[in-house]
Amino acid sequence: MIPLPIRQAGPAESPFNPEQQRRFDAGLERAIAKYPPERKKAALLAALHLAQDELGWVSEPAMAYVAQRLDVPPARVREVATFYTMYRLRPVGRHHIGVCNSISCWAMGSSRLLAQCQDMLGIHPGETTGDGQFSLEEVACLAACGNAPALLVNNFTFVEKVTEDSLKDLIRELREKPGKEMAPGPLPRMPDPHAHIDKQSQPQATGALGQPAVASHPETGSTGRNR
């Protein structure tokens with residue numbers, strides 16, 4: 001598993017600037033309001049998405065802060081963040097391109113689009129360009145089978161019926177946009193090979209050494225099986 005950093009006891013500091021904090025607080029309030037007061041922990045997935053939307057990735061300070069706000073053990077927050085591939089555990093480029101590798105997109109040439117991205121950007125899936133402008137990954141089904149092949153840009157923009165020419169235009173357009181500045185922070189302590197194998201067959205969710213995360217003490221009410 002990814003080693004945990006050594007932290008002093010005490011309240012977790014917010015990783016957000018004032019404007020980010022305002023947006024995070026508003027979003028978290030809406031998310032918590034969907035559940036009974038005693039079930040605010042159920043907003044964990046939404047809280048992690050909110051943090052990632054503001055910071056660009058889910059940093060260790062962000063996990064600790066989310067744990068404090070929801071009164072959830074930090075270890076449980078980390079289990080969730082490292083289990084789902086939708087959460088990024090290291091900084092990405094200002095423009096993050098996800099190429100769908102589902103059967104429909106693959107049949108319509110997504111592998112060629114991925115190779116084209118690698119050629120144009122000079123990086124492989126799981127990597128970021130030296131100038132920090134672009135990062136690339138393979139993603140699971142984007143639910144756009146009828147308009148395959150599809151891309152996901154910066155976690156919100158879907159691009160469908162992509163061709164080699166339209167991909168060139170997209171990357172050219174993104175180069176001219178400033179993008180969103182991501183939060184500074186150290187890279188997780190991962191072996192170098194792991195940084196180059198972010199594929200669906202070996203997802204980041206398995207942790208640094210390819211081993212599944214294990215919860216040794218599930219919380220009361222958890223649906224996880226005892227180990």
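**Reading helix packing in a predicted model**

Helix 1 passes helix 2 in a right-handed crossing. The model is a predicted one.

Me: How many helices and strands does the chain have, and in what order do they run?

Reply: The chain has 7 helices and 4 strands. Starting at the N terminus, the order is α-α-α-α-β-α-α-β-β-β-α.

Me: What describes two packed helices?

Reply: Two values are used: the angle between the axes and the distance between the axes. Take helix 1, residues 18–32, and helix 2: their axes cross at roughly 160 degrees and come within 10 Å. That makes the two helices roughly antiparallel, since angles over 145 degrees count as such.

Me: Which residues make the contact between helix 1 and helix 2?

Reply: Helix 1 contributes Gln 20, Arg 23, Phe 24, Gly 27, Leu 28 and Ala 31. From helix 2 come Ala 46, Ala 47, Leu 50, Ala 51, Glu 54 and Leu 55. Sorted by class, this contact has 8 nonpolar, 2 polar and 2 charged residues.

Me: Why do residues three or four places apart in an α-helix point the same way?

Reply: An α-helix has 3.6 residues a turn, so residues with that spacing point the same way.

Me: At what angle do helix 2 and helix 4 pack?

Reply: Helix 2 (residues 44–55) and helix 4 (residues 74–83) pack at an angle of about 70 degrees, and their axes are 11 Å apart. The pair is therefore roughly perpendicular, as angles of 65 to 115 degrees are classed that way. Leu 44, Leu 45 and Leu 48 of helix 2 meet Val 77, Val 80 and Ala 81 of helix 4. This contact has 6 nonpolar residues, with no polar and no charged ones.

Me: Which residues of helix 3 are buried, and what do they pack against?

Reply: Buried here means under 20% relative accessible area. In helix 3, residues 60–70, the buried residues are Ala 62, Met 63, Tyr 65, Val 66, Ala 67 and Leu 70. They pack against helix 1, helix 2 and helix 4. After helix 3 comes Asp 71, with a positive phi near 55 degrees.

Conventions:
Residues numbered from 1 in each chain as written. Predicted model: local features only at pLDDT ≥ 70, side-chain atom pairs only at ≥ 80, totals over all residues. Heavy atoms only, no water. Axes fitted to C-alpha atoms, helices over the stretch in contact; angles between N-to-C directions. Parallel < 35°, antiparallel > 145°, perpendicular 65-115°, else oblique. Contact = heavy atoms within 4.5 Å. Nonpolar A, V, L, I, M, F, W, Y, C, P; charged D, E, K, R; others polar. Left-handed = near helix turned anticlockwise from the far one by under 90°. Buried < 20%, exposed > 50% of the residue type's maximum accessible area, 1.4 Å probe, protein only.
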